[in-house]
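Have a look at it before reading on.

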Amino acid sequence: MKSPITELLHTEYTKPDAYNALSMPVYNSAAYEFESAEQMELAFTGKTADFAYSRISNPTVQYFEDRVKAITGAASVTALNSGMAAISNAIITIAKSGSNIVTSRHLFGNTYSFFASTLAAFGVETRFCDLTNADETEAQIDENTCALFLEIITNPQMEVADLNALSVICKAKNIPLVADTTIIPFTVFKAKDFGVDIELVSSTKYISGGATSLGGLIVDYGTFDWLSSPKLHVLAKDSGNMAFTVKLKKEIHRNLGAYMTPQVAYMQTLGLETMDLRYSKATKTCFELVTKLSELPQISSVNYNGLSANKFHSLAVSQFGATPGAMFTFNLASREACFAFLNKLKLIKRATNLFDNKSLAIHPASTIYGNFTAEMRKAMNVSDCTIRISVGLEDAADLFEDFLQAL
Ligand SMILES: Cc1ncc(COP(=O)(O)O)c(C=O)c1O
């Protein structure tokens with residue numbers, strides 16, 4: 001058995017390339033020609049795997065999906081044009097009017113807004129609870145619950161739920177565990193081993209290889225029996241554990257039209273090759289930096305799951321390894337102090353996004369959550385005193401120096 005990285009690098013093309021290209025060519029074509037009407041019918045009715053139209057499938061994008069399959073061991077992978085497209089397509093595949101989703105208020109801003117506003121308008125209820133409390137979580141689930149959704153490390157609260165405990169609840173209640181795993185790459189965090197049925201990733205982050213492009217992935221492990229799903233139970237009679245992917249690929253993603261473009265798939269295929277290396281360097285730097293920062297009197301608290309004093313340390317380390325991610329937050333005395341710090345930075349960029357090769361700093365309360373009311377921010381534990389840092393590939397000493405001069 002080869003290592004997942006070797007497996008990934010040597011993923012075979014479905015058809016040999018006409019020129020033996022070592023990099024998958026960018027098939028920048030909207031449509032594909034057929035030799036006969038019969039062949040065309042077979043392709044359109046799904047009886048052959050020939051490509052017909054690039055909103056539905058494309059050779060370059062499929063190769064990217066195949067590489068993700070090789071590294072995750074998933075039953076099926078679908079690549080979309082952003083992390084939000086992956087989240088929305090996946091949830092729309094599972095949810096219907098009258099059904100509900102159980103999740104936490106600790107969510108990325110657009111994910112929260114997708115649940116609380118976009119889905120609510122279509123009659124899908126979202127039940128927000130404390131996912132670190134098993135009893136409270138279980139009490140929210142009923143016969144109309146179509147999924148339990150979570151982010152594996154919440155951003156910016158850095159909360160970590162016990163995935164094994166949530167998986168036990170999901171199995172007992174026959175609902176799929178759907179996880180946004182963007183914060184830890186799948187070379188390190190093996191979602192399937194923790195009972196995750198559907199994994200969602202913003203490939204804009206670690207995978208894209210230096211913030212080159214937006215992208216999202218829906219990874220179906222084929223582990224859930226959709227016979228108990230409020231929406232997919234009929235389809236599951238024929239398609240079994242693949243009912244989710246059948247619904248997604250044959251209906252939802254083609255109707256919503258947010259498939260990944262071939263240029264992006266090309267960049268992200270290359271990004272995948274170095275993801276593990278970049279992650280390993282960035283998380284080591286992150287650990288070194290937070291260790292030094294936590295000793296500074298000017299900073300009231302440094303929130304990183306890799307620090308032994310962190311509330312979620314042992315759980316995070318058991319689920320995500322010794323250096324869980326390259327993102328941390330810290331608090332200063334006030335919003336004004338945060339703005340002053342950000343304005344003085346010389347090396348670290350004032351920017352949103354995560355896991356660029358450059359380190360990035362942001363004040364989440366006034367930006368990502370800037371359009372939420374103060375009450376909502378309080379309910380989501382997004383503080384005015386918090387700054388979020390995404391650690392890149394710079395040297396830890398250089399980043400520390402920038403912190404010192406800005407503080
Ligand atoms: C945890 C998480 N999930 C999803 C997203 C959305 O990803 P995208 O910006 O690629 O749509 C983000 C974006 O920052 C995120 O941090």
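We'll start with the ligand and then visit a few backbone spots.

First, some ground rules: this is a predicted model, where local features need pLDDT of at least 70 and side-chain atom pairs count only at pLDDT 80 or more, while totals for chains, interfaces and linings use all residues. Residues are numbered from 1 along each chain as its sequence is written, and side-chain values use heavy atoms, with hydrogens and water left out.

Now for the ligand. Around it sit 13 residues, and Gly83, Asp180, Ser202, Thr204 and Lys205 come nearest (a residue is near if one of its heavy atoms lies within 4 Å). Helix H4, residues 83-94, gives the most to this shell, with three residues (helices are DSSP runs of H or I, at least four residues; strands are runs of E, at least two; both are numbered from the N terminus).

Look at the side chains next. A polar atom of aspartate 180 lies 2.6 Å from a ligand nitrogen. Threonine 204 has a side-chain N or O atom 2.6 Å from a ligand oxygen, and for asparagine 155 that kind of distance to a ligand oxygen is 3.3 Å.

You'll find proline 156 in the loop between strand E4 (145-151) and helix H7 (163-173).

Two other loops hold non-glycine residues with positive phi. Asparagine 20, between helix H1 (4-9) and helix H2 (37-44), has a phi of about 55°. Phenylalanine 355, between strand E10 (349-350) and strand E11 (360-362), has a phi near 65°.

Conventions. Polar contact = N/O pair within 3.5 Å; in protein donor to acceptor, adjacent residues only side chain to side chain.
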